[in-house]
Amino acid sequence: MRIASDHYYRSIRQLRIDNIFNKQPSYPLMQELYFLRTSLTRDSLQLAYGRFPENIKNSRTGRFLNEFIQAKELRKGDLAPSFIAQDLNNNDLKLVDFRGKIVVLDFWAAWCVPCRQSNKKLPMLYAKYKKLGLEIISFNLDTNREIWKKAAVEDNISWINVGDQQALHSKTAITYRVQGLPKVYIIDRNGIILETGGSGVDLERVLKENLAPSL
């Protein structure tokens, strides 16, 4: 039964992708391309995007997709892109300010259940490794500031907590190619990406290796 179901959904997805390349370009089709962006290679996404006229490319979704296509695929060993974001007290914080520390950059949102579960585990890691040079930057991707604030209080976030209320349209989220949540980057003392992934990232293993190898 599951095999049949998986085949059905793959067939539907392929039909939607075929429509992207064969149907007359339109605003709804651009929206469809937005939803299917993670199902296409970068080259295919660029090819599909190129079919659209300039007026549709200049829509909010069109501009987002163009920025998404241009953003570099970040991997281990890459320099983490710089950014500036505000915390809940409207203070500007820069990633570069945390050079010399191991940084866990955690993209999350209040509606994301795995994110909230991860938030519950972070206080223990923060307390254990902060004095050894750990800093956590939680980057919120909600669009409502009050919802973000309420979730931060509920999850006992006591570390750096920033956001821009732009969801996945956030310039920082695009730069870091955040396609789903949670999304985590572990960055070394020189700003180099050590590890990246979703909820399955073994944070403590990486922290032990880079902060306290003897533990």
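Q: Which residue of β6 does Val 103 stand opposite?
A: In this predicted model, Val 103 stands opposite Ile 187.

Q: What makes β3 and β6 a pair of strands?
A: Two strands pair if at least two bridges are found between them. Strands β3 and β6 are joined by 5 bridges, and therefore they count as a pair. Their directions are antiparallel.

Q: What makes β6 and β7 a pair as well?
A: The requirement is again at least two bridges, and 4 bridges join β6 to β7, so these strands also pair.

Q: Why is β6 called mostly covered?
A: A residue is buried when its relative accessible area is under 20%. In β6, 5 of its 5 residues are buried. Lys 183, Tyr 185 and Ile 187 point one way from the strand, while Val 184 and Ile 186 point the other way.

Q: How do you know that β4 and β5 are paired, and how do they run?
A: Strand β4 (residues 134-140) is joined to strand β5 (residues 160-163) by 4 bridges. Because at least two are required, the two strands pair. They run parallel, and Gly 163 in β5 is the bridge partner of Asn 140.

Q: What is the order of the strands in the open sheet, and why are β2 and β7 placed at its edges?
A: The order of the 7 strands is β2-β1-β5-β4-β3-β6-β7, with mixed pairing. Strands β2 (92-94) and β7 (193-197) each have a single partner strand, so one side of each is left without a neighbour in the sheet. From one strand to the next, the twist averages 30°.

Q: Which strands does helix α7 touch where it packs on the sheet?
A: Helix α7 (residues 145-154) touches β1 (84-87), β3 (102-108), β4 and β5. Its direction makes about 160° with that of β5.

Q: Which strands does helix α9 touch?
A: Helix α9 (residues 203-211) packs on the sheet and touches β3, β4, β6 (183-187) and β7.

Q: How do you know that Cys 112 and Cys 115 form a disulfide?
A: The sulfur atoms of a disulfide lie within 2.5 Å. Those of Cys 112 and Cys 115 are 2.3 Å apart, so the pair qualifies. A search of the whole structure finds 1 disulfide. The link is right-handed, with 75° about the S-S bond, and both cysteines are buried.

Technical notes
Residues are numbered from 1 along each chain as its sequence is written. This is a predicted model: local features need pLDDT of at least 70, side-chain atom pairs count only at pLDDT 80 or more; totals for chains, interfaces and linings use all residues. Side-chain values use heavy atoms; hydrogens and water are left out. Axes are lines fitted to C-alpha atoms, for helices over the stretch in contact, and angles run from 0 to 180 degrees between N-to-C directions. Contact means heavy atoms within 4.5 Å. Buried means under 20% relative accessible area, exposed over 50%, partly exposed in between (1.4 Å probe, protein chains only).
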